[in-house]
Amino acid sequence: MTTPTVADVNGMRLAHGALPGAAVPYHLASGEGLRFETAGQLWTVIARTQDTGGAFDAAYVTGPRGAESPLHAVPDVHRTFAVLNGQIRIWLGDRSRVLGRGDSVQVPPGTPFGYRMLSELSRMLMYSAPGGALDALLASDAGTRSFIYSARRGDDALILPEGASREPLPAVPHADADDAAAWEDALPAGEEPYVLRGLEGDHRAWPDAVNSYVSRGRNTGGRYFAVHTLAAPQPYIIQHFHRLHTENFFCLSGRVWLWVNGEEVLLTEGDFVHAPAGTIHSFAIGAHHTRMLGILSSDVFEPFFDVTSEHTADRVYTEGLVNPSVIMGGIQGAPDLDLQVVGPPPQGTAHSPQD
């Protein structure tokens with residue numbers, strides 16, 4: 001199948017419930033995708049190279065206490081792991097941390113990485129760019145129709161990307177290794193491994209929302225950047241599309257309304273929408289304390305969140321603090337953004353919160 005043009009994508013209907021096999025707009029509810037069970041873990045693949053034009057692949061990984069990955073390094077691929085539920089101990093070489101809900105880790109190419117799940121139903125999102133890190137899993141015979149990992153685990157080895165090294169996990173470090181001083185609270189200067197606690201990063205204030213960079217292009221070799229949004233209920237923004245980059249919307253908690261090529265869809269925890277270049281879209285927030293992760297490929301759109309917001313040291317939003325004109329003023333003052341406005345906010349189900 002040929003790669004759709006921006007004009008083609010402008011008029012496409014949103015696909016639902018299955019991976020489309022081409023770089024088109026699609027929506028997966030929590031649990032949907034291609035599922036594989038390996039080393040006692042359920043891997044739910046939500047994006048492959050053929051679904052993203054080769055830009056990335058992604059999967060949710062769910063497992064029981066004790067499920068693990070050996071220490072391994074993958075060349076030529078940058079990976080982000082974000083913990084969604086439970087507790088997971090991760091290793092970056094001989095450095096180790098215990099991650100909980102909202103924490104994340106960046107794994108540059110060639111960096112030794114491994115993990116061990118410390119509680120039942122631990123779950124994380126894996127996003128890797130460029131695509132290909134999931135090819136070995138996709139080609140395996142580990143496919144399953146189940147939506148949960150088996151209660152009784154086998155002893156099979158975790159299926160790793162082709163070319164990945166494999167070593168046993170190091171011994172658990174001393175307890176003081178999780179001291180707060182050992183965690184990053186801001187993003188490093190370049191492409192190096194790092195761990196962020198939830199609600200840390202580089203913070204930008206919007207009206208009734210805080211956008212926090214979890215990674216910038218400088219941290220991923222320009223492949224993508226990631227923004228975590230914590231927000232109160234708010235109406236749709238202007239309808240727009242992008243010519244040069246893809247947006248991916250992951251609802252972590254709460255309710256996110258998306259308007260995609262004229263169709264309205266509600267995202268709740270675990271739901272995902274892929275919006276490739278050309279997708280006309282808008283979003284609104286439908287519940288207090290909603291948390292959304294946006295991963296955008298490549299990093300061309302990164303300046304948008306700098307010019308349309310105010311720098312803040314706050315980790316949570318202050319209701320009514322930021323004037324909404326900051327957003328439109330930033331857009332008007334930065335005409336080189338990859339942003340094509342096509343209409344006013346849509347008149348969908350999402351609406352302004354009532355007092």
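How many aromatic pairs does the structure hold? I counted 16 aromatic pairs. My cut-off for a pair was ring centres within 6.5 Å, for Phe, Tyr and the six-membered ring of Trp; planes under 30 degrees apart count as stacked, over 60 as edge-to-face and the rest as tilted.

I am working on a predicted model, where local features need pLDDT of at least 70 and side-chain atom pairs count only at pLDDT 80 or more, while totals for chains, interfaces and linings use all residues. Residues are numbered from 1 along each chain as its sequence is written, and side-chain values use heavy atoms, with hydrogens and water left out.

**Entry: rings**

I looked up Phe225 and Phe305. Their ring centres are 6.2 Å apart and their planes stand at 70 degrees, so I logged the pair as edge-to-face. Phe225 belongs to strand S16 and Phe305 to helix H4, so the pair ties together parts 80 residues apart in sequence. Helices (H or I, at least four residues) and strands (E, at least two) are DSSP runs, numbered from the N terminus. Both Phe225 and Phe305 are buried. Buried means under 20% relative accessible area, exposed over 50%, and partly exposed in between (1.4 Å probe, protein chains only).

**Entry: salt bridges**

My rule was a side-chain nitrogen of Lys or Arg within 4 Å of a carboxyl oxygen of Asp or Glu. By this rule I get nine salt bridges.

Which residues does Arg216 meet? Asp202 is one of its partners, with the closest N and O atoms 3.3 Å apart. Asp202 sits in strand S14 (residues 202-206) and Arg216 in the loop between strand S15 (209-215) and strand S16 (225-231), so the pair ties together parts 14 residues apart in sequence. Asp202 is buried at 16% relative accessibility. Arg216 is buried too, at 7%.

Asp306 also forms a salt bridge with Arg216, at 3.1 Å from N to O. Asp306 lies in helix H4 (residues 303-307), so this pair joins parts 90 residues apart in sequence. At 30% relative accessibility, Asp306 is partly exposed. Shared partners join Asp202, Arg204, Arg216, Glu302 and Asp306 into one network.

I also checked Glu269 and Arg101. They form a salt bridge, closest N and O atoms 3.4 Å apart. Glu269 is in the loop between strand S20 (263-267) and strand S21 (272-275), and Arg101 is in the loop between strand S9 (95-99) and S10; the two are 168 residues apart. Glu269 is partly exposed at 37%, and Arg101 is partly exposed at 40%.

**Entry: the open sheet**

I traced an open sheet of seven strands, order S3-S4-S5-S12-S7-S10-S13, with antiparallel pairing. Strands pair if DSSP finds at least two bridges between them. S3 (34-38) and S13 (194-196) are the edge strands, each pairing on one side only. Neighbouring strands are turned by 20 degrees against each other on average, direction ignored. I noted Leu196 in S13 as the bridge partner of Ser104.

**Entry: helix H5**

Which residues of H5 (residues 325-332) are buried? I list Val326, Ile327, Gly330 and Ile331. They cover an arc of only 130 degrees around the axis, which puts them on the same side of H5. The arc is taken from the directions from the helix axis to the C-beta atoms. What covers these buried residues includes S14, H4 and strand S24 (310-311), with contact meaning heavy atoms within 4.5 Å.

Methods. Axes fitted to C-alpha atoms, helices over the stretch in contact; angles between N-to-C directions.
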